[in-house]
Amino acid sequence: MAPGKAGVYRWDMRLLLLADTHVPKRARVLPEEVWQAVDKADVVIHAGDWVEVALLDELAARSRRLIGVYGNNDGPELRKRLPEIAREELDGVRLAVVHETGAAKGREQRCAAAFPDTDVLVFGHSHIPWDTVADNGLRLLNPGSPTDRRRQPVCTYLTATIAKGRLRDVELHPLPRR
């Protein structure tokens, strides 16, 4: 265990970051490797484009904690259950999740202005993995897609750890081509 704030000891918090799953449109199910990561995670974060509510229900049932938002491909049922933007504080790390952030050019500056009180912004939409830091220290993360690689060489997802109030161990996981 790692020491937390005010001498409280906590385990490091394991995160799984997903977006753009598009189940069952782009894939019938999530890959087994992703479900194994769900089982290991303390918090699963999904940045939208679920497509159907069944995956939300399945992830909610299997996750210890689920944070999600709706995306542009998500219909009324998902929009009733999920916010456009989710904000949470996880062991001292201020997190925001949104589906779209606009064009890649100028993304850091736009997001820093839109999310000034945020340490980590998780987003999706492009299916392109992204890991940068804005001038104000905001970390921007896009896990890509575990089911629809589009113009990427492989499908992907991210894992990370929160320890001692800091995001650590951000790792992009490529999935085998199917």
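Colleague: What should I know before starting?

Modeller: The model is predicted, so local features need pLDDT of at least 70 and side-chain atom pairs count only at pLDDT 80 or more, while totals for chains, interfaces and linings use all residues. Residues are numbered from 1 along each chain as its sequence is written, and side-chain values use heavy atoms, with hydrogens and water left out.

Colleague: Which residues of helix α2 are buried?

Modeller: Start with the general idea: an α-helix has 3.6 residues a turn, so residues three or four places apart point the same way. Helices here are DSSP runs (H or I, at least four residues), strands likewise (E, at least two), numbered from the N terminus. Buried means under 20% relative accessible area, exposed over 50%, and partly exposed in between, with a 1.4 Å probe and protein chains only. In α2 (residues 53–62), Val53, Leu55, Leu56 and Leu59 are buried. Seen down the axis of α2, these residues fall within an arc of 155° (taken from the directions from the helix axis to the C-beta atoms), so they line one face of the helix. Their cover, by contact (heavy atoms within 4.5 Å), includes β3 (13–18), α1 (32–40) and β4 (43–46).

Colleague: And which residues of α4 are buried or exposed?

Modeller: In α4 (residues 107–114), the buried ones are Arg107, Glu108, Cys111 and Ala112. Their arc is 125°, so they too line one face of the helix. Gln109 and Ala113 are exposed on the other side. The cover of the buried residues includes β8 (120–122), β9 (130–133) and β10 (139–142).

Colleague: Where does arginine 107 lie relative to tryptophan 130?

Modeller: A charge sits over a ring if NZ of Lys or CZ of Arg is within 6 Å of the ring centre and within 35 degrees of the ring normal. Arginine 107 lies over the face of tryptophan 130, at 4.4 Å from the ring centre.

Colleague: How many cavities of 30 Å³ or more are there?

Modeller: On a 1 Å grid over the protein atoms alone, a cavity is a set of points where a 1.4 Å probe fits but cannot get out; lining residues have an atom within 4 Å of a point. Points are joined across faces, edges and corners, and a volume is the space filled by probe spheres set on them. The count is one. The largest cavity has a volume of about 40 Å³, and its lining includes Leu15, Leu17, Val120 and Val122. The elements giving two or more residues to that lining are β3, β7 and β8.

Note on methods: 1 Å grid on protein atoms, 1.4 Å probe; cavity = no way out; pocket = protein on both sides within 12 Å on 5 of 7 lines; lining within 4 Å.
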